[in-house]
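Some notes on this model follow, as numbered points. Please read them with the coordinates open.

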Amino acid sequence: TGRAQFLLDGGVHQFAGLRHVLPSPLAALTASRQLLQPHLPPFDTLQGLLKTADGTTGSFFLSFGIEAGGPKEFAFRGAKGSLVVDFAGPTHTVCFTPTNVDGEDERRVEEWEMEGNGVEEEFKAFAAALVAGPGSAEAKDVDERSGPRAALKDLECIQRALESGESGTWVALEV
């Protein structure tokens, strides 16, 4: 599916974000796929359900076919709460709203300044790992967060979501 480049290229970053915030690895997903913009064939949008290895469930929506000017955010919603990261402007807002058993929500909001799109921070971490050397805590952290195995996990999520959209079934992921 070489033509699914927009989702394969861009979508891996959203699944990497999920991998970093979820308490347990992704274990399975089911998705549907659509084409909203004719110039982004074969698909520019995925939506579906996720299951983690510990049984947590949630939903996702990923689209490169929605016209610009819409919300610039990552939103992770699940049974235990929601995490929304708003990327509009130079100050980014993170809002975590846990769902409590009694139905009451306790929102926690944090704002932080971020330069660029995060790539600079990845380069800084990589440089620190090079200076610290192989086997260092810095090198292990970079490998775990963004090394080849981590990247393949993220790519697998997008690929399996596209396959699920074709078959209409749940697909297992390597844990």
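1. Two definitions come before the helices: helices (H or I, at least four residues) and strands (E, at least two) are DSSP runs, numbered from the N terminus, and the expected span of a helix is 1.5 Å times one less than its number of residues. With 20 residues, α4 reaches 28 Å from its first C-alpha to its last, close to the 28 Å expected at 1.5 Å a residue. Just after α4 comes Gly168, with a positive phi of about 75°. Helix α2 (residues 119–132) has 14 residues and spans 20 Å between its first and last C-alpha, close to the 20 Å expected. Gly133 follows α2, and its phi is also positive, near 95°.

2. On provenance: this is a predicted model, in which local features need pLDDT of at least 70 and side-chain atom pairs count only at pLDDT 80 or more, while totals for chains, interfaces and linings use all residues. Residues are numbered from 1 along each chain as its sequence is written, and side-chain values use heavy atoms, with hydrogens and water left out.

3. Overall content: the protein chain has 4 helices and 8 strands, in the order α-β-β-β-β-β-β-β-α-α-α-β from the N terminus. Of its 175 residues, 32% are buried (under 20% relative accessible area; exposed is over 50%, partly exposed in between; 1.4 Å probe, protein chains only). Among contacts (heavy atoms within 4.5 Å) with a separation of 6 or more, 44% are between residues 24 or more positions apart.

4. In soluble globular proteins, nonpolar side chains tend to be buried together.

5. Leu46 deserves a look. Leaving aside neighbours within four places in sequence, its contacts include Leu7, Ala31, Phe60, Ile158, Ala161 and Leu162. Ile158, Ala161 and Leu162 are among the buried residues of α4, as are Asp154 and Glu156.

6. How many aromatic pairs does a search of the whole structure find? There is 1 (rings of Phe, Tyr and Trp, the last by its six-membered ring, with centres within 6.5 Å; planes under 30 degrees apart are stacked, over 60 edge-to-face, the rest tilted). The ring centres of Phe15 and Phe60 are 5.5 Å apart and the planes are at 70°, so the pair is edge-to-face. Phe15 lies in helix α1 and Phe60 in strand β3, 45 residues apart. Both Phe15 and Phe60 are buried.

7. Ser24 sits in the loop between α1 and β1. Ser24 counts as buried because its relative accessibility is 10%. A polar atom of the Ser24 side chain lies 3.4 Å from the backbone nitrogen of Ala53, and one lies 3.1 Å from the backbone nitrogen of Asp54. Outside four places in sequence, Ser24 is in contact with Thr52, Ala53 and Asp54.

8. Strands β4 (residues 73–78) and β5 run antiparallel and are joined by 6 bridges; two strands pair if DSSP finds at least two bridges between them. Glu73 has Asp86 of β5 as its bridge partner. In β5 (residues 81–86), 5 of the 6 residues are buried.

Conventions: Polar contact = N/O pair within 3.5 Å; in protein donor to acceptor, adjacent residues only side chain to side chain.
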